[in-house]
Amino acid sequence: MPPVDRTLASIDLDAVEANVRLLRSHLGAGTELCAVVKADGYGHGAVAVGRAAVAAGADRLAVVTAAEATAIRAGGITAPLIVLGPLQARDEIDAVLDADAQIVVWHEDAVAAIQRTGRPAALHLKHDSGMGRLGDPDADRLLRLADRIAGAPGLELVGAMTHLACADDPDDPTTDAQLERFVELGRRLRDAHPGITLHAANSAATLTRPDAHLDMVRVGIAVYGLDPFHRDPDDQGLRPALTWTARLAAVKPCPVGGAVGYGRRFVADRPTTIGTVGIGYADGVRRASSRVDPVADVLVGGRRVPLAGTVSMDSCGTDLGADAADRAGDPVVLIGRQGDERITAEELAARTDTINYEIVCGISRRVPRTYHRSGRPVAG
Ligand SMILES: *Cc1c(COP(=O)(O)O)cnc(C)c1O
């Protein structure tokens, strides 16, 4: 018998490639596509997804940390790479330069720290046009920083970026205001530094705001086939890449008054059958879901069944119903399709008061990732 996996996240690399091509089809010929594979590819595996994205036409990849940049190169990917996050330690800067990745800066202290390495580096400026976190909101200061970079031996100014706070709501006027500020800064930067790449759009803006595309878009969530607007990915023609499965570890009858899990939060009001799934919050099943009504569903035997009782670290209960014919070992789908039914990351997020991003990033390292293409397993 083949080994039975307790739980698996299987990633469809055809879907990743189709999503990248779809996103590319929204872009004009002069706009580059940068696939964001931070947080280990939003939980999907940065190297496998990064490779598929590049194969499907991504011009560049982006990550957030120095360690993520190192991992991309260790995976053999040679595509241009940007590290979006702040680098604070000398070791981090060295690791990013070793990875031949570009760096994002917005303060002269960071530029000075990079200069102290004595190594050549390519830098993007970050404008805080309204997100209010990283970046400098002051255009004049950024223009002076640009001049300083351009005048420093070994340093090269290659781009300027901003990040949109409200692009997932196409009606929010914040995006107009942010773009106006950034485009004005970009115009002034370009006067002095003509070759630089201007970039602002995330997935949501890529799909809804051609005026935000500029020289490059940075697409994350949509690459994975998840919807930046928190609705059904089908609406945008996106294909969710990830399927998360587990197995029934035990099945047993539950009489009226029988309780399931810590705190006895589920008590049967009719005779039923409890199927215990062998994964819990240590795998990324959200415990909150056992407090929300209706609780999360999973797919068993081609039908939807609700979770029953509190999710624990290593297991959770499902209410299979009185006449259930399910057996220990049967597959359970937490995200994905089974028969005619489907559970999306967006549905799970809505029920647990979070977003699809957090659902997939939250699938823990205890869940092995596997990859397939044209229905066949491939290496990650
Ligand atoms: C994560 C990230 C993105 C990608 O955002 P999505 O909404 O996932 O498309 C783009 N830019 C920056 C700076 C990011 O940190």
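This is a predicted model: local features need pLDDT of at least 70, side-chain atom pairs count only at pLDDT 80 or more; totals for chains, interfaces and linings use all residues.
Biologist: Okay. Is Arg148 buried, exposed or partly exposed?
Modeller: Arg148 has a relative accessible area of 32%, so it is partly exposed.

Biologist: Which residue does Arg148 meet in a salt bridge?
Modeller: Glu108. The N to O distance is 3.6 Å. This pair links distant parts of the chain. Glu108 is in helix H6, residues 108-116, and Arg148 is in helix H7, residues 139-151. They are 40 residues apart.

Biologist: And why does Glu108 count as partly exposed?
Modeller: Because its relative accessibility is 48%, and exposed needs over 50%.

Biologist: How many salt bridges are there in the whole structure?
Modeller: A search finds 31. Take Arg24 and Asp59, whose side chains meet at 2.8 Å, N to O. Arg24 sits in helix H1, residues 13-25. Asp59 sits in the loop between helix H3 and strand S3.

Biologist: What about Arg209, buried or exposed?
Modeller: Buried, with a relative accessible area of 14%. Arg209 forms a salt bridge with Asp211, with the closest N and O atoms 2.8 Å apart. Asp211 is partly exposed at 47%.

Biologist: New topic. How many aromatic pairs are there?
Modeller: Two. In one, the rings of Tyr42 and Tyr224 have centres 4.7 Å apart and planes at 25°, so the pair is stacked.

Biologist: Where do Tyr42 and Tyr224 lie?
Modeller: Tyr42 lies in helix H2, residues 38-42. Tyr224 lies in the loop between strand S9 and strand S10. So the pair ties together parts 182 residues apart in sequence. Both tyrosines are buried.

Biologist: What about Tyr42 and Tyr357, what kind of pair do they form?
Modeller: A tilted one, with 6.0 Å centre to centre and 35° between the planes. Tyr357 is in helix H11, so this pair ties together parts 315 residues apart in sequence.

Biologist: How accessible are Tyr42 and Tyr357?
Modeller: Tyr42 is buried at 6%, whereas Tyr357 is partly exposed at 26%.

Biologist: Which residues do the ring pairs link into a cluster?
Modeller: Tyr42, Tyr224 and Tyr357.

Key:
Residues are numbered from 1 along each chain as its sequence is written. Side-chain values use heavy atoms; hydrogens and water are left out. A salt bridge is a side-chain nitrogen of Lys or Arg within 4 Å of a carboxyl oxygen of Asp or Glu. Helices (H or I, at least four residues) and strands (E, at least two) are DSSP runs, numbered from the N terminus. Buried means under 20% relative accessible area, exposed over 50%, partly exposed in between (1.4 Å probe, protein chains only). Rings of Phe, Tyr and Trp (its six-membered ring) pair if their centres lie within 6.5 Å; planes under 30 degrees apart count as stacked, over 60 as edge-to-face and the rest as tilted.
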